Amino acid sequence: MARMPQGQPRPVPDPDGDRYDEMLRQERLRRARAEADEAGPPGASVGHPELLESLIPVWGSGREAVADFQEGDYAGAALNGALAASDLFLAGAIVKGVAKGGVYTVGKMAAKKATKKATKTTPYNWDAKVRPWMGAQGYLAKGQAGHHWAIPQNGWGKGVPERIKNQPWNIKPMPEGPAGAEMHGRMTGRYKGKPKFNALERYIYGTPAWSKTATGAAVGHPAAAAKAESEKRR
Amino acid sequence: MSPTFPAIGFRQDVGRYATPGLEKFVEFSSSEDFAICNGWELKYGARNGMVLVDSELRSWRVVSVTRLGIVPPLWSFLLRFLLQQAPYWVDQELEPLEPITLDQLKDRMAASVLSNPDDWRDDEAIAGEDGPPQDEQEMLDARVAGIRAADSVEAIWEFLYCR
């Protein structure tokens, strides 16, 4: 609009003005689209791992958790996050176990000329050999009972060689003090007037944390992988 | 004069979880057995100062332990090295002590059993896994009674370690 000398405005015809406005609008739209493409679509994720990748401890479930979270699947993210945490716990348990010796071995039998007397001994005997070693390595505290949780010492476990069943992996430390003695007693029968634990109680109190975690991981990883695969197909 | 076997070694409790001043005993079934020491024992000096009582009741004190080399095979050594139980041949310098009587040996072993209940308890027997629950003290007393009933070092060794 031009201002005339008398100070009164008056319209001036502008045949290209509308086209120019339209051109500017199109240009703004084009730029907005380009910026959006550069930033990625809303809710973009790192992507889910492939089936085999999802089975890799920590990495598979960790990536799955991040992808689920970015896509707004918070339940899936929580499940996979828990799986990744359980993998880390298991790895920590293995490292700690190895740091303490992990497996009881008998060095004395390595002597080339083992005598008849040496072969008479029971080198993996629980109370004269392995238990003192486990105490010295810090697996069991003073006065703390150790429970053979997977392979019992007696019953069907009698037929299992001592070198297999008398090992740290098969020993679940009971709580220290009288409560631990009672708990150990109730694993296999009545103890001082108290009833035997039921199957669930025996599982809760009688299996090590790493075993429960491993069970969860063994079930959880394939389940999470199957869930991710089915979501991919959809 | 070399020790005869089986022999019993009295040593101090050592290691990260040890109770200072506590005496424990270990068995050696043969001279080869005595000549091997694992990495953990070497690290904590478990054999240093140990009193060895042989099958003829002669006794010695271990005054020094020198590592000679690894016990083959190599793969077994390496595997057990990772588990901190690597076996080494060792040379031990022994200082002769006065011989002791069988009763003195029994007394010393009995005292060690009673002061180290954790080393001699059968947890499953106490829990009653295979019969009625056993009393821990009665179990230890039975071990001491077995030691006292033996008529030789070899009989004690068989009672404790050849079950």
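In chain B, B:Ser59 faces B:Leu97 of strand β6(B), strands being DSSP runs of E with at least two residues and helices runs of H or I with at least four residues, numbered from the N terminus. The model described here is predicted, and for this reason local features need pLDDT of at least 70 and side-chain atom pairs count only at pLDDT 80 or more, while totals for chains, interfaces and linings use all residues. Residues are numbered from 1 along each chain as its sequence is written, and chains are lettered from A and ligands numbered from 1 in the order in which they are written.

The model has an ipTM of 0.90 and a pTM of 0.75. For chain B the average pLDDT (the predictor's confidence in each residue, from 0 to 100) is 94, and 100% of the residues reach at least 70.

The pairing around B:Ser59 belongs to a sheet of chain B. Six strands make up this open sheet, in the order β2-β1-β4-β5-β6-β3, with antiparallel pairing; two strands count as paired if DSSP finds at least two bridges between them. At the edges lie β2 and β3 (36-38) of chain B, each of which pairs on one side only. On average, neighbouring strands of the sheet are turned by 40° against each other, direction ignored. Such angles are taken between axes, which are lines fitted to C-alpha atoms (for helices over the stretch in contact), and run from 0 to 180 degrees between N-to-C directions. Helix α4 (residues 102-115) of chain B packs on the sheet, where the helix touches β1, β2 and β4 of chain B. The direction of α4 makes about 115° with that of β2(B).

Within the sheet, β5(B) can be followed from one neighbour to the other. With strand β6 (residues 87-97) of chain B, β5(B) pairs in the antiparallel sense over 10 bridges. Strand β4 (residues 51-53) and strand β5 (residues 59-70) of chain B are also antiparallel, and 3 bridges join them. Two of the residue pairs can be named here: B:Leu52 stands opposite B:Trp60, and B:Val53 has B:Ser59 as its bridge partner in β5(B). β4(B) and β5(B) form a hairpin with 5 residues between them, and in the turn B:Leu57 has a positive phi of about 65°.

B:Ala86 sits in the loop between α3 (74-82) and β6 of chain B. B:Ala86 counts as buried because 21 C-beta neighbours lie inside 10 Å; the cut-offs are 20 or more other C-beta atoms within 10 Å for buried, 12 or fewer for exposed and anything in between for partly exposed, with C-beta atoms placed from the backbone. Leaving aside residues up to four places away in sequence, B:Ala86 touches B:Asn38, B:Gly39, B:Ile70, B:Phe77, B:Arg80 and B:Phe81. A contact means that the C-beta atoms of two residues, placed from the backbone, lie within 7 Å. Between B:Ala86 and B:Arg67 there are 12 Å from C-alpha to C-alpha, at a sequence separation of 19 residues.

Chain B is divided into domain 1 (7-97) and domain 2 (102-161), with bounds that come from an automatic or database domain assignment. Taken over C-alpha atoms, the centres of these two domains of chain B are 23 Å apart. In the contact between them, 10 residues of domain 1 of chain B meet 12 residues of domain 2 of chain B. On the domain 1 side, β1 (7-12) and β2 (23-28) of chain B each supply at least two residues, and the largest share, 4 residues, comes from β2(B). This side of domain 1 has 6 nonpolar, 1 polar and 3 charged residues. Here Ala, Val, Leu, Ile, Met, Phe, Trp, Tyr, Cys and Pro count as nonpolar, Asp, Glu, Lys and Arg as charged, and the others, Gly among them, as polar.

Chain A has 10 helices and 4 strands, and 26% of its 234 residues count as buried. Its domain assignment gives domain 1 (51-97 + 217-227) and domain 2 (103-196), whose centres over C-alpha atoms are 34 Å apart. Between the chains, 41 residues of chain A are in contact with 35 residues of chain B. On the chain A side, α6(A) gives the most, with 7 residues, and by class this side has 14 nonpolar, 20 polar and 7 charged residues.
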